[in-house]
Amino acid sequence: MEQQNRHPIQIAAARTGLSSHVIRMWERRYTAVNPIRTASNRRLYSDDDIARLRLLYRATQLGRSIGQIAGMTNEVLRELVDADEQGATFDLSGIASSPVRHKKAGEFVEAGIRAIESMNGQALEQELARAELALPQAQCIECVVAPLIQEVGDRWRTGALRIGHEHLASGILRTFLALMRQGLRAPADAPCLIAATLTGQHHELGIQMAATLAAIDGWRVTYLGPNLPAEEIAAAAAILNARIVALSFVYPPDNAQLHRELKRLRRSIPHSASILAGGRAAGAYADSLAEVGALRLSTLAEFRSELERLRAVV
């Protein structure tokens, strides 16, 4: 009978609305549920596990971060979901508190670098999970994720890290940012921001950070990913009536095609839409960006300030 009440991950996904990937990540990173394993190491989820995953998913749909709620009991989760559905205040003080809240952001970065150096992906995932629990989400990105990306890039260029280290870190950080965005749901009437990189710009962590910060700040974000032709970005901007098109320029810094792509983008997107650009190589395209009226931003803090300013413009 006990075995009959256990279900494979495909059934858990179908009954909760979550993807199998997200369920595995919530289990590994946050210990959201603890399924049993078969002799062949397949996960089997109980009815209680599935009910808990439904609660967690509903809470994230209502705007809660999975890192904030994964440690709550089902009883508290139900109270939280009921309060959020009714728009009522819910006191989170003292709930799911963690001793890592006193850890400084720099210590998470140092621990993350050590994990990358030893090619320990699980340790890096765990350190990022601790950082998300300990810090406000925006601070986690600006003070942990961004410095990690910068440090890994610098060490790779000097030869202190191999390309395998960089790929390991990039893959885990991409997933971390994507899962954070997935837990953020803006109202249907929130202003829309499209995040992408133009043709030839394959590095996407910078634009992922921008997209996630915009989602944290209440924008309805559509993330299109890297290496897209201007006409594809413009088509999405028109369909979604986007207020902002956010672009990132990392490498290469000397792609002559990007000047034409920027002009094509500006001609094709709604006149009311703003183009915001950042990234390590954005300065190399400063003249082209200025010509199309794009605003070049040097830091994530500047990006968030501009989001706040544009949000206030009717």
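Predicted model: local features only at pLDDT ≥ 70, side-chain atom pairs only at ≥ 80, totals over all residues.
When residues up to four places away in sequence are set aside, Leu128 is in contact with Val144, Val145, Leu148, Ile172, Leu173 and Phe176. In soluble globular proteins, nonpolar side chains tend to be buried together.

Helix α10 covers residues 205-216. Of its 12 residues, 10 are buried, so α10 is largely enclosed by the rest of the structure. The buried positions are Leu205, Ile207, Gln208, Met209, Ala210, Ala211, Thr212, Leu213, Ala214 and Ala215. Their packing partners include two helices, α8 (137-158) and α9 (163-182). Strands β4 (192-198), β5 (220-228) and β6 (244-248) also pack against these buried residues, as does helix α14 (300-312). The length of α10 agrees with expectation: at 1.5 Å a residue, its 12 residues should span 16 Å, and the C-alpha atoms at its ends lie 16 Å apart. Just after α10, Gly218 adopts a positive phi of about 95°.

An open sheet is formed by 3 strands in the order β1-β3-β2, with antiparallel pairing. Its edge strands, β1 (6-7) and β2 (36-37), each pair on one side only. Between β1 and β3 (residues 43-46), the antiparallel pairing extends over 2 bridges, and Arg6 stands opposite Ser46 of β3. Helix α3 (residues 47-61) packs on this sheet, where it touches β1 and β3. The direction of α3 makes about 80° with that of β3.

The structure contains 0 disulfides. For Cys140, the closest cysteine sulfur is that of Cys143, at 9.0 Å, which is too far for a bond, because a disulfide requires the two sulfur atoms to lie within 2.5 Å. Cys143 is likewise in no disulfide, the sulfur of Cys140 being the nearest to its own. The two residues also fall into separate accessibility classes: Cys140 counts as buried, at 0% relative accessibility, whereas Cys143 is partly exposed, with a relative accessible area of 34%.

How values were computed
Residues numbered from 1 in each chain as written. Heavy atoms only, no water. Buried < 20%, exposed > 50% of the residue type's maximum accessible area, 1.4 Å probe, protein only. Helix = DSSP H or I, 4+ residues; strand = E, 2+ residues; numbered from the N terminus. Expected span 1.5 Å × (residues − 1). Contact = heavy atoms within 4.5 Å. Pairing = 2+ DSSP bridges. Axes fitted to C-alpha atoms, helices over the stretch in contact; angles between N-to-C directions.
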